[in-house]
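Please read it alongside the sequence and the model.

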Amino acid sequence: MDSENNQLCLCGVIESAPVLDHEVFGEQFYRMDLKVPRLSGAHDLLPVTVSERLMNSQVTPGVRLCVSGQLRSYNKVVGGAGRLLLTAFAQRLLAPEEAENPNIIQLTGAICKPPAFRTTPFGREIADLMLAVNRAFGKSDYIPCIAWGRTARYAAQLSVGDKLKVQGRFQSRDYQKQLPDGTVMNRVAYEVSLSRLTHLKDTPLPDMAASRAADTPVN
């Protein structure tokens, strides 16, 4: 089932007022930003989509909100170019005591692009993965993931089509992109920072300190 392939729980403070994002078969969906804390004391500012069926008078800026649902992707034209965007799609609102972890996601999917291994100027080893996660009705979500250290070295050896089960955190990351005319644009990337990765044909990797390392911004 797609609910088993893609499970997410977020808990934070609503940063922006909900705005109407789109409508499907007469049902309206609202979008807002949720400020979710990290263990390091920093925060991620994450997009959340909520159906009008779940909206209530408490869904307002400054209020603590906990949701469970799925991480979904969609394509949108921004500045004349197509971009893959992510959103936390809320399927249920939770009471704060129901959320043991303020930011956790579990995905099962297949690698759909060759992993990209790199080392930062500070010597940190990183692997970028794109995971295709099946959804109901023949749809798929394409989720960028980032692995660190030993997990990154392992991930770099994997191939397109390999099926993985991963666990981590949905995060935001600020970066700068240089355009063809030389100007620099500030952008925000959304991705899943992995703390655990299992190749479903292999023995699971042991839990590592990747969750702590992932609190350091990518350089």
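Cys11 and Cys66 are both buried, and they form a disulfide with their sulfur atoms 1.8 Å apart. The model is a predicted one. A search of the whole structure finds one disulfide.

**Cysteines**

- Cys11 lies in strand E1 (residues 6–14) and Cys66 in strand E5, so the bond ties together parts that are 55 residues apart in sequence.
- A disulfide is a covalent bond between the sulfur atoms of two cysteines.
- Cys9 has its closest cysteine sulfur in Cys66, but at 6.5 Å that is too far for a bond; the cut-off used for a disulfide is within 2.5 Å.
- Cys9 is buried, because its relative accessible area is 13% and buried means under 20%.
- Cys145 is in no disulfide either, and the nearest cysteine sulfur, that of Cys112, is 9.5 Å away.
- With a relative accessible area of 3%, Cys145 is also buried.

**Aromatic pairs**

- The structure holds two aromatic pairs.
- The rings of Phe29 and Phe89 have centres 5.8 Å apart and planes at 35°. The pair is therefore tilted, since planes under 30 degrees apart would count as stacked and over 60 as edge-to-face.
- Phe29 is in strand E3 and Phe89 in strand E6, so this pair links distant parts of the chain, 60 residues apart.
- Both Phe29 and Phe89 are buried.
- The rings of Phe170 and Tyr190 have their centres 6.2 Å apart and their planes at 50°, so that pair is tilted.
- Phe170 in strand E11 and Tyr190 in strand E12 are 20 residues apart, and their pair links distant parts of the chain.
- Phe170 is buried, with a relative accessible area of 0%, whereas Tyr190 counts as partly exposed at 22% relative accessibility.

**A charge over a ring**

- Arg72 lies over the face of Phe89, at 4.0 Å from the ring centre.
- Phe89 thus has two partners: its ring pairs with that of Phe29, and Arg72 lies over its face.
- Arg72 and Phe89 are also among the residues nearest the centre of the largest pocket.

**Largest pocket**

- About 690 Å³ of space lies in the largest pocket.
- Its lining has 23 residues, and those nearest the centre are His22, Arg72, Phe89, Arg135 and Lys139.
- Two or more lining residues come from each of strand E2 (19–24), strand E3 (27–37), strand E4 (43–51), strand E5 (64–78) and strand E6 (81–94).
- E6 gives the most to this lining, with four residues.
- By class, the lining of the largest pocket has eight nonpolar, seven polar and eight charged residues.

**Second largest pocket**

- The second largest pocket has a volume of about 510 Å³.
- This pocket is lined by 20 residues, with Met130, Pro144, Ala189, Tyr190 and Glu191 nearest its centre.
- The elements that give two or more residues to this lining are E6, strand E8 (116–119), strand E9 (125–134), strand E10 (140–148), strand E11 (163–178) and strand E12 (184–199).
- E12 gives the most to the lining of the second largest pocket, with five residues.
- The lining of the second largest pocket divides into 13 nonpolar, no polar and seven charged residues.
- Tyr190, one of the residues nearest the centre of this pocket, is the ring partner of Phe170.

- Phe25 is not a glycine, yet it has a positive phi of about 50°.
- At 87% relative accessibility, Phe25 counts as exposed, because the limit for exposed is over 50%.
- Phe137 also has a positive phi, of about 65°, although it is not a glycine.
- Phe137 is exposed, with a relative accessible area of 84%.

How values were computed. Residues are numbered from 1 along each chain as its sequence is written. This is a predicted model: local features need pLDDT of at least 70, side-chain atom pairs count only at pLDDT 80 or more; totals for chains, interfaces and linings use all residues. Side-chain values use heavy atoms; hydrogens and water are left out. On a 1 Å grid over the protein atoms alone, a cavity is a set of points where a 1.4 Å probe fits but cannot get out, and a pocket is an open set with protein on both sides within 12 Å along at least five of seven lines; lining residues have an atom within 4 Å of a point. Grid points are joined across faces, edges and corners, and a volume is the space filled by probe spheres set on the points. Ala, Val, Leu, Ile, Met, Phe, Trp, Tyr, Cys and Pro count as nonpolar, Asp, Glu, Lys and Arg as charged, and the others, Gly among them, as polar. Buried means under 20% relative accessible area, exposed over 50%, partly exposed in between (1.4 Å probe, protein chains only). Rings of Phe, Tyr and Trp (its six-membered ring) pair if their centres lie within 6.5 Å; planes under 30 degrees apart count as stacked, over 60 as edge-to-face and the rest as tilted. A charge sits over a ring if NZ of Lys or CZ of Arg is within 6 Å of the ring centre and within 35 degrees of the ring normal.
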